[in-house]
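Trainee: I have a new chain to read. Please take me through it step by step.

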Amino acid sequence: MKLLPVLLPVLMLAAPGFADKKEEVKFSPGPVASYETKQTNENVTIALKAYDNEDLARTAFGKVNPYQYGILPILVVIQNDTNETIKLDRMQVKFTDFDGQEIESTPATDVPYAVEHPKRPTNPVTLPIPPELRKKHKNPLSGPEIQTRAFAARMLPPHESAYGFFYFQAHHRPGVSIYINGIKQAASGKDLFYFDIPLKD
């Protein structure tokens, strides 16, 4: 009988009614064919989606809308319909503005520090991130979803897909595009043709 006070809290924690309600947001994008913005080269298809509004952001990042803080998340979905494994470890993804300016993606680890005032929307600071900003503070962009949703695949077997986000300190407006290169065939090392995909509204 003396064990009951110890066991009861354990049982309460294990029960669904007492589970921690602060669960990570589940995210599962659709197949590459379901996206309007996509391009196919050499039997590899890349689809894009800009997460530039609150409703979209909620499906991937919970209550936080990164675009409100100057960070534009771009979902990249890659479908490999070749018969060979392709390498993605040196893939480069760049945002091309309407005036031709190229913007490098911001690493997921740097996203929380890429705004001057994390408590309110503002213009992003210029990369590289100053060392004095690399400190822990209450920041809405420091949640785990930013990093766990980032594109991380390094290899992609035949007839499989991979997805994840790239983050840009940029604005989604007419005339912008995403330029992707550096995808290679794993066996031969041959580069696949580059992708230059207009980012639709």
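Mentor: Begin with a term: a contact means heavy atoms within 4.5 Å. This is a predicted model, where local features need pLDDT of at least 70, side-chain atom pairs count only at pLDDT 80 or more, and totals for chains, interfaces and linings use all residues. Residues are numbered from 1 along each chain as its sequence is written, and side-chain values use heavy atoms, with hydrogens and water left out.

Trainee: Among contacts between residues at least 6 apart in sequence, what percentage join residues at least 24 apart?

Mentor: Take the contacts in the chain between residues at least 6 apart in sequence. The share that joins residues at least 24 apart is 71%.

Trainee: How many helices and strands does the chain have?

Mentor: Both are DSSP runs, numbered from the N terminus: helices are H or I with at least four residues, strands are E with at least two. The order of elements is α-β-β-α-β-β-β-β-α-β-β-β-β-β. The count is three helices and 11 strands.

Trainee: Why is strand β5 (residues 92-96) described as largely enclosed?

Mentor: Buried means under 20% relative accessible area, exposed over 50%, partly exposed in between (1.4 Å probe, protein chains only). β5 is largely enclosed by the rest of the structure because, of its five residues, the number buried is four.

Trainee: Which residue of β9 is the bridge partner of Thr96?

Mentor: Two strands pair if DSSP finds at least two bridges between them. β5 and β9 (residues 177-181) have five bridges and run antiparallel. Within β9, the partner of Thr96 is Ser177.

Trainee: Phe95 and Phe168 form an aromatic pair; is it stacked, edge-to-face or tilted?

Mentor: Rings of Phe, Tyr and Trp (its six-membered ring) pair if their centres lie within 6.5 Å; planes under 30 degrees apart count as stacked, over 60 as edge-to-face and the rest as tilted. The structure holds 11 aromatic pairs. In this one the centres are 5.8 Å apart and the planes at 45°, which makes the pair tilted.

Trainee: How many residues apart in sequence are the parts that this pair ties together?

Mentor: Phe95 is buried, at 0% relative accessible area. Phe168 is buried, also at 0%. Phe95 lies in β5 and Phe168 in β8 (residues 161-168), so the separation of the parts in residues is 73.
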